[in-house]
Structures are given as C-alpha cells and as structure tokens.
Amino acid sequence: MSEKTVEGFGTIINDLEDEGHWLAVLASMRPYQAKPRQYSVTTLIAPTQPVHLKRTRWQDVAVNASNLLFRLDGISHHALFEPLVRPHVKTEVALKIERVIDEKPAWISGRLDEVEEVEPGKVVIRDRKKMKVYGAIKGITPENEGQLNLYAHVYDEMYGTETVGLQIVGFLSDFTKTKTNKRWAAMKRNGKRAIKLFDSADEAGSWIEAQNDKHLLFIETREPNYPESQEFVADVPLWPKDKTEAFMLERLRLHLAPEPLPCSPDERWNGNRCKHYCDVAGICPQYNKEHTT
Ligand code: SF4
C-alpha cells in the first residue's frame with residue numbers, strides 16, 4: 001500500500017481502489033507550515049486539542065485516503081464560484097490582523113469566500129458551503145456565528161468598512177425533491193393502492209394509520225422542516241464589535257496556552273468526531289485513554 005507524507009498534515013495511506021481518486025486526494029493537499037502565534041479564523045474557532053496536536057505532532061499523524069475524499073467535494077464546489085466576476089463582489093480575500101497577547105504579537109488570518117459592497121463603505125460577507133440537508137434543518141450554529149463575525153471583524157479592520165450583513169450560502173448535496181414538505185396519502189380501495197399528494201403539511205410525524213369504514217388510510221408527513229429547495233441561504237446574527245473582539249482574544253489565549261483544553265462532549269459531537277472525523281484521533285491522549293481503560 002503506498003503512502004505519502006504531506007508537511008503539516010501527516011502521512012496519507014492509499015486505501016483507495018482507484019488511482020484517479022488517490023491522485024486527486026494528493027492534489028487537494030497543500031504542504032503547510034504553521035506560523036508560530038498565527039491562527040486562521042477556522043482554526044481559531046476549532047477545539048484547541050486537535051489544533052495543538054496537529055501543530056506539534058503532525059509527523060505522527062496517519063490518515064487513510066478514503067477519509068479525505070470528502071475534501072474533493074468542497075474544493076470543487078468553491079472552485080466554481082471563485083472566478084465568477086460580478087460588480088462590487090470580491091472573492092477569496094486574504095485576511096490578516098495583529099493583536100498583542102502576553103506582551104507578544106499574535107496574528108489572526110483567513111480567507112473570505114465572498115464580500116459584496118452593498119453601498120459605499122458597507123459590505124455583506126458570505127460564506128459558501130456544500131452542506132447536508134441535516135445542516136440546513138439545524139440552521140445557524142454557534143460555530144457559524146463565531147466564524148462569520150470574526151471574518152467581518154478582521155475585514156472591517158483591514159479595509160475600514162462596516163459589515164452590515166453576514167450570510168451562509170449553502171448547496172444541499174443530499175437534497176431530494178420528493179422529500180419536500182408534502183403530505184402523501186396511500187389508500188387501499190377495493191384491494192388497489194392509490195396514492196395522493198397533498199400540498200399542505202399540517203401534521204408532523206411519520207406514518208399515521210387511520211381506519212374509516214371503507215378504506216385503510218395511511219398518511220405520511222415528511223420532515224416538517226425539510227427544505228423546499230437545494231439552495232440554502234441564511235442570515236447570521238451580527239455581533240457588536242466589542243463582543244467579537246472579546247471572543248477573538250479569548251480564543252487566541254486558549255490556543256496560545258502551553259497546554260490545550262480537553263475536547264468537550266459538544267466538540268466531540270458525542271464521540272462521532274473522534275471515531276470518524278478527527279485526523280489526530282490516533283495520537284489523541286484523551287481519546288486513547290478512554291480506549292485503553
Ligand atoms: S480524537 Fe476526539 S478528543 Fe481527541 S482531539 Fe479529536 S475530537 Fe478531540
């Protein structure tokens with residue numbers, strides 16, 4: 001089985017059948033040298049432990065290529081929007097500002113998907129995501145709020161603008177049109193099955209069985225909040241500047257502390273992140289302690 005070491009990430013083991021997939025995964029990886037005391041916005045909002053492990057022990061990390069295939073989806077999705085030219089819209093904007101923590105400089109960096117100048121000096125910031133229907137139903141998360149408010153804070157400081165709106169623009173990759181919020185009724189009439197679609201959905205729940213004198217009637221109501229379209233657009237609450245500044249400094253201090261914090265149950269997605277989605281699980285003391293005791 002072949003493998004390849006990518007600086008700053010770790011060793012990728014080829015467990016894929018198709019050579020094209022393997023090469024595409026490798027092409028999606030960029031060697032990375034973490035700059036001391038510099039954190040991107042996405043890193044800043046991440047739990048401190050995986051960030052610390054990746055920065056200090058990336059040489060010990062090993063990940064199967066099959067676990068990295070999902071990256072191709074996000075990269076190709078972003079590549080579609082990056083070159084689109086529109087008046088007053090900038091894409092892929094590099095960000096960096098400085099703060100002083102414990103009397104030493106530290107930096108917050110990032111890359112913004114999209115900024116639109118809606119009137120002189122006023123901007124709307126957009127983050128584009130390829131996401132699942134589940135995420136759209138869940139709606140805006142605290143992580144989304146933190147991330148977009150940090151982008152706005154850094155952008156406004158660099159460009160002297162005022163952010164007046166924040167948006168998540170998502171493409172729902174697993175959207176199924178037949179699952180939109182409709183009611184279906186299937187009934188047996190004289191031994192034959194008939195199906196009828198109702199436009200309104202006023203009842204939640206799954207199958208409801210009803211019996212009337214002639215028919216056996218089943219009504220299925222779909223997920224009541226299932227999106228109507230494959231496009232997800234949501235406004236993210238804009239924080240006051242002092243709240244974002246305090247949040248940014250707090251996250252910087254936590255990441256710069258000599259030891260990271262253990263991940264909380266929320267950060268571990270109740271164990272799912274550790275088992276399936278964390279690149280550093282193999283070298284994580286918190287996770288491995290639980291599995292050896
Ligand atoms: S394996 Fe779990 S506990 Fe360890 S860093 Fe990853 S998410 Fe956190």
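I call a residue buried if 20 or more other C-beta atoms lie within 10 Å of its own, exposed if 12 or fewer, and partly exposed in between, with C-beta atoms placed from the backbone.

**Ground rules.** I am working with a predicted model, where local features need pLDDT of at least 70, side-chain atom pairs count only at pLDDT 80 or more, and totals for chains, interfaces and linings use all residues. I number residues from 1 along each chain as its sequence is written.

**Proline 36.** I looked this residue up in the loop between helix 1 (19–28) and strand 3 (38–40). My helices (H or I, at least four residues) and strands (E, at least two) are DSSP runs, numbered from the N terminus. Is proline 36 buried or exposed? It counts as exposed because it has 10 C-beta neighbours inside 10 Å. I also checked its distance to tryptophan 107, which sits 71 residues away along the chain: their C-alpha atoms are separated by 9.0 Å.

**The whole chain.** I find nine helices and 13 strands. Buried residues make up 19% of the 293 residues. I then turned to contacts (C-beta atoms, placed from the backbone, within 7 Å). Among those between residues at least 6 apart in sequence, 70% join residues at least 24 apart.

I traced an open sheet of three strands in the order 1-2-4, with mixed pairing; two strands pair if DSSP finds at least two bridges between them. Its edge strands, each pairing on one side only, are strand 1 (3–6) and strand 4 (62–64). Direction ignored, neighbouring strands here are turned by 25 degrees against each other on average; the axes are lines fitted to C-alpha atoms, and angles run from 0 to 180 degrees between N-to-C directions.

Strand 1 pairs with strand 2 (residues 10–13) in the antiparallel sense, over four bridges. I noted glutamate 3 opposite isoleucine 13, and threonine 5 opposite threonine 11. Three residues lie between the two strands, and glycine 8 takes a positive phi near 85 degrees in this hairpin.

**The ligand.** How many residues surround the ligand? I get 13, the closest being Cys263, Cys274, Cys278, Cys284 and Tyr287. I sorted the shell into nine nonpolar, two polar and two charged residues. Here Ala, Val, Leu, Ile, Met, Phe, Trp, Tyr, Cys and Pro count as nonpolar, Asp, Glu, Lys and Arg as charged, and the others, Gly among them, as polar.

How values were computed:
Near = placed C-beta within 6 Å. Contact = placed C-beta atoms within 7 Å.
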